[in-house]
Amino acid sequence: MNQWRNLGAPSIQLPTLPSLHSHLSRSSGTTENFAIECRNLSYSIATRHGKLRPILNDCSLSIPSGQLWMLLGPNGSGKSTLLKVGNILAGLLNPNGGFLRVKKPRSFVFQNPDHQVVMPTVKDDVAFGLSRFNLTLEEIRSRVEKSLDAVGMYDYLQRPVQTLSGGQKQRVAIAGALAEACKVLLLDELTTFLDENDQVGVIEAVKSTLANSNDITALWVTHRLEELKYADVAVYMEDGKVVMNGDASSIMDFVKARQAVYIEQINSY
């Protein structure tokens with residue numbers, strides 16, 4: 001039978017540190033050279049008292065096609081909201097102001113893979129999103145196999161999803177996005193619930209995917225400094241805006257300096 005037939009902390013004012021901006025975000029290239037471009041983006045939510053609370057504040061970012069950028073910042077800095085505005089970028093939220101352009105198709109991969117991997121077997125899950133396209137059975141099979149191969153999961157084609165590790169499920173979710181020929185991957189803290197082996201496996205799957213394609217771009221929100229070494233460019237956010245972007249070592253030094261100042265001020269209370 002054809003297997004494809006059925007498918008409350010204290011408020012502390014940190015001193016301003018000098019910022020460094022990568023030349024990549026100030027490229028003289030045209031808008032078409034960027035997979036993600038936002039300028040002076042703002043987004044606010046209404047509190048229960050009817051007041052507006054700003055989440056993104058004059059946020060600007062331009063990401064060239066074909067690169068992996070990692071975005072980090074303290075809790076409440078606006079990074080996950082940007083991804084969701086990336087949710088504004090993924091189209092799940094609407095910004096209140098500013099300019100935004102994201103290449104399509106775009107796909108959002110959730111922090112918890114159990115929220116996204118829903119079919120009983122690996123091949124069925126990757127094929128699930130293709131049902132809305134006018135594809136032949138052979139085209140579906142080809143897309144599923146190629147996307148699973150791209151993330152190192154081809155040998156798991158027939159495997160029940162419930163037998164996979166968290167990292168393997170994340171790779172299946174990424175494969176599902178690739179099968180739909182997405183141009184932009186929006187990745188929300190994919191390694192939060194993963195052990196070290198799964199963490200590295202997911203990152204290497206994304207890196208391999210981008211290395212084998214010139215037109216797929218990834219924006220990865222992370223809270224782990226050690227992951228920055230995999231990024232083409234790292235971005236640091238605070239108070240709803242991009243404070244700086246640059247190579248991984250520069251951003252790591254910047255963040256560690258921020259942390260040292262914060263700890264010193266906490267200890268002085």
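Which residue's side chain does Glu138 meet in a salt bridge? I found that Glu138 pairs with Arg141, at 2.4 Å from N to O, where a salt bridge is a side-chain nitrogen of Lys or Arg within 4 Å of a carboxyl oxygen of Asp or Glu.

I noted that this is a predicted model, in which local features need pLDDT of at least 70 and side-chain atom pairs count only at pLDDT 80 or more, while totals for chains, interfaces and linings use all residues. Residues are numbered from 1 along each chain as its sequence is written, and side-chain values use heavy atoms, with hydrogens and water left out.

Glu138 and Arg141 both lie in helix H3, 3 residues apart, about one turn of the helix; helices (H or I, at least four residues) and strands (E, at least two) are DSSP runs numbered from the N terminus. Glu138 is partly exposed at 45% relative accessibility, and Arg141 is partly exposed at 28% (buried means under 20% relative accessible area, exposed over 50%, partly exposed in between, with a 1.4 Å probe and protein chains only).

I then searched the whole structure and recorded 7 salt bridges. One of them joins Glu180 and Arg132 at 2.8 Å, N to O. Glu180 lies in the loop between H4 and E6 and Arg132 in the loop between H2 and H3, so this pair ties together parts 48 residues apart in sequence. Glu180 is buried at 18%, whereas Arg132 is exposed at 57%.

I also looked up Lys183, which forms a salt bridge with Asp215, their closest N and O atoms being 2.5 Å apart.
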